[in-house]
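Welcome! Open the viewer, have the selection tool ready, and follow along one stop at a time.

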Amino acid sequence: MVGRLLAAFVLSVLFARSAFSAQCGGEFGAFIAGISREAAAAGISRGVIDSALSGVTLDPVILAFDRRQRGTFQRSFEYYASTRVTGVRIQRGRQMLQRHAALLSRIERQFGVPGPLIVAIWGLESDYGTGDMGHLPVIRTLATMAHDCRRTELFQRELLAALQIVQRRDLPVRDLVGAYAGEIGQTQFLPSSYIKYGVDYDGDGRVDLRHSVPDVLASTANLLKANGWRAGASFGEGTANFEVMREWNRSEIYRKTMVLFAQRLSGQ
């Protein structure tokens, strides 16, 4: 997830600062008023704006966490992979491959991404939807980070995308909970990626990346396909698909761990 956040930041600097009228820093209420105007100008309804932003407060815990972060991948690949690609995860992953075999086969035919890799991502990000997906209110988290002037363009954009998720009725505000940078769901999508790559794969009329396994797995595959995934090609280190996986996570160690996990799930 760290890599996707960095990638989103790189994209954000391509847009002029003047695209955002909400002034970072200063009084938090004034900032929220500015964001509310931005949201209204972007077509977000007054009802959604009020339900999401009324009464929202700054979260100092989010800022403290963000400031004390250290490099996640400072240790070796061997060490990192040994803590992530465990026997229990491999066993459960193989169970997921069997349980969702028809779904994964359909996804691979449509998007070209093999089931073991999708399941590896699912396992690494949230232990197949049973682990920690975050418990923080996404709107409050993103508003806090957007108010902080270090990356305000990035997080203002993510905040508006989160409001759009509510506007589309993909998730209600009460269900919009996630991790420390606003990541949502079983494979931890930033709100902008949720909007851009989310797929309603169970046909219920909304994209639900917290509860719907078909939506989660198809959206994960769609992100890779949309960024150049080559169906049927290998995805180990040094391949074109390995580079496409940078759109999932820019860390080479994380991507190598994804590959190793997928290989273990396949019995290699």
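Here, buried means under 20% relative accessible area, exposed means over 50%, and partly exposed lies in between (1.4 Å probe, protein chains only). You are looking at a predicted model, where local features need pLDDT of at least 70 and side-chain atom pairs count only at pLDDT 80 or more, while totals for chains, interfaces and linings use all residues. Residues are numbered from 1 along each chain as its sequence is written, and side-chain values use heavy atoms, with hydrogens and water left out.

**First stop: H14.** Select residues 252-265, which form helix H14; helices (H or I, at least four residues) and strands (E, at least two) are DSSP runs, numbered from the N terminus. Ten of the 14 residues in H14 are buried, including Tyr254, Met258 and Phe261. Just after H14, click Gly267 to find a positive phi of about 85°.

**Second stop: salt bridges.** A salt bridge is a side-chain nitrogen of Lys or Arg within 4 Å of a carboxyl oxygen of Asp or Glu. The structure holds twelve of them. Select Asp66 and Arg151, whose side chains meet in one (2.5 Å, N to O). Asp66 sits in helix H4 (residues 60-68) and Arg151 in the loop between H9 and H10, so this pair ties together parts 85 residues apart in sequence.

Next, pick Arg67 and Asp148, another salt bridge, with the closest N and O atoms 2.9 Å apart. Arg67 is partly exposed at 45% relative accessible area, whereas Asp148 is buried at 14%.

How values were computed: Expected span 1.5 Å × (residues − 1).
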